[in-house]
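Here is a short report on one protein chain. Please keep the sequence and the 3D view at hand while reading.

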Amino acid sequence: MRNKTILAASLVALALVIAGCGSKSNSTEITFNKSDVTFAQEMIPHHQQAVEMADLADTRATSPEVKALAAKIKDAQGPEIKTMTGWLKSWNKDVPTSMSGMDHGSSDMPGMMTADEMAKLQGTSGADFDRQFLTMMIAHHQGAITMAKTEQNDGKYVPAVSLAEKIQQAQTAEIKTMQTILAS
């Protein structure tokens, strides 16, 4: 009787081990979908353009608030670009190259500035730059929020969905700041 009990317990334990090995809920498994890939592949160039715009503020902006906001944008979006690049590499997916000098507006990404709009921004300085930068960055952020909402609805990779939530919150707050600066 004792041998039958040991044998039965051993078979149950073996069955549990085998079932655990084939489990789809293995916590080390990276689960992502097409929406996660699209989010990263589109948000990288979107962020690159925002950083490109923010770089211009160093030498063209007059307002200390605009300069501070531009620095904040660069500080947030630079590391996010690196994070998303890492995801794409780990998923064996294409990483977008820099869009500098390209016609940004030719993409389907919401809020992207065209090459003409970027050239116009580059050609301004002082209060005119501040106004154009804020107006363009509001539209740019609104586009990023649209993309972030799509990821939150359709994405599967938890870190990407979390980043999308962070982007939506941060850029919504920055839009309010930019609207306040424009109104003053």
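## A loop residue, then the helices

Asn92 sits in the loop between H3 and H4. The model is a predicted one. The phi angle of Asn92 is near 60°, a positive value in a residue other than glycine. Is Asn92 buried or exposed? Asn92 is exposed, at a relative accessible area of 71%.

Now the overall fold. The chain has six helices and zero strands. Read from the N terminus, the order is α-α-α-α-α-α. Of the 184 residues, 36% are buried. The accessible surface of the chain is about 10300 Å². Carbon and sulfur atoms account for 56% of that surface. Take the contacts between residues at least 6 apart in sequence: 76% of them join residues at least 24 apart.

| Helix pair | Axis separation | Crossing angle | Handedness |
|---|---|---|---|
| H2 and H5 | within 10 Å | roughly 165° | left-handed |
| H2 and H3 | 8 Å | about 150° | left-handed |

The axes of H2 and H5 cross at roughly 165°, so H2 and H5 are roughly antiparallel to each other. For H2 and H3 the angle is about 150°. H2 is therefore roughly antiparallel to H3.

Now the interior. In soluble globular proteins, nonpolar side chains tend to be buried together. The largest nonpolar core here has 23 residues. Met53 and Phe133 have the most contacts inside this core. Which helices each supply at least two of its residues? They are H2 (34-60), H3 (64-90), H4 (115-122), H5 (126-154) and H6 (158-183). H5 gives the most to this core, with seven residues.

Leaving out residues up to four places away in sequence, Met53 touches Met113, Met118, Leu121, Phe129, Phe133, Met136, Met137 and His140.

Phe39 is a residue of helix H2. Phe39 is buried, since its relative accessible area is 4% and the cut-off for buried is under 20%. What does Phe39 touch, not counting residues up to four places away in sequence? The contacts of Phe39 are Met84, Trp87, Met147, Ala148, Glu151, Ala160, Leu163, Ala164 and Ile167. Phe39 and Ala144 are 105 residues apart in sequence. Their C-alpha atoms are 10.0 Å apart in space.

Gln77 is a polar case to check. Gln77 is found in helix H3. Gln77 has 3% relative accessibility and therefore counts as buried. Its contacts, again leaving out residues up to four places away in sequence, are His47, Ala50, Val51, His141 and Gln171. Gln77 and Gln48 are 29 residues apart along the chain, and 7.9 Å separates their C-alpha atoms.

Asn92 is exposed at 71%, whereas Gln77 is buried at 3%.

Definitions and conventions. Residues numbered from 1 in each chain as written. Predicted model: local features only at pLDDT ≥ 70, side-chain atom pairs only at ≥ 80, totals over all residues. Heavy atoms only, no water. Helix = DSSP H or I, 4+ residues; strand = E, 2+ residues; numbered from the N terminus. Buried < 20%, exposed > 50% of the residue type's maximum accessible area, 1.4 Å probe, protein only. Contact = heavy atoms within 4.5 Å. Areas by Shrake-Rupley, 256 points an atom, 1.4 Å probe, with all protein chains shown as cover. Core = buried A, V, L, I, M, F, W, Y, C linked by side-chain atoms within 4.5 Å. Axes fitted to C-alpha atoms, helices over the stretch in contact; angles between N-to-C directions. Parallel < 35°, antiparallel > 145°, perpendicular 65-115°, else oblique. Left-handed = near helix turned anticlockwise from the far one by under 90°.
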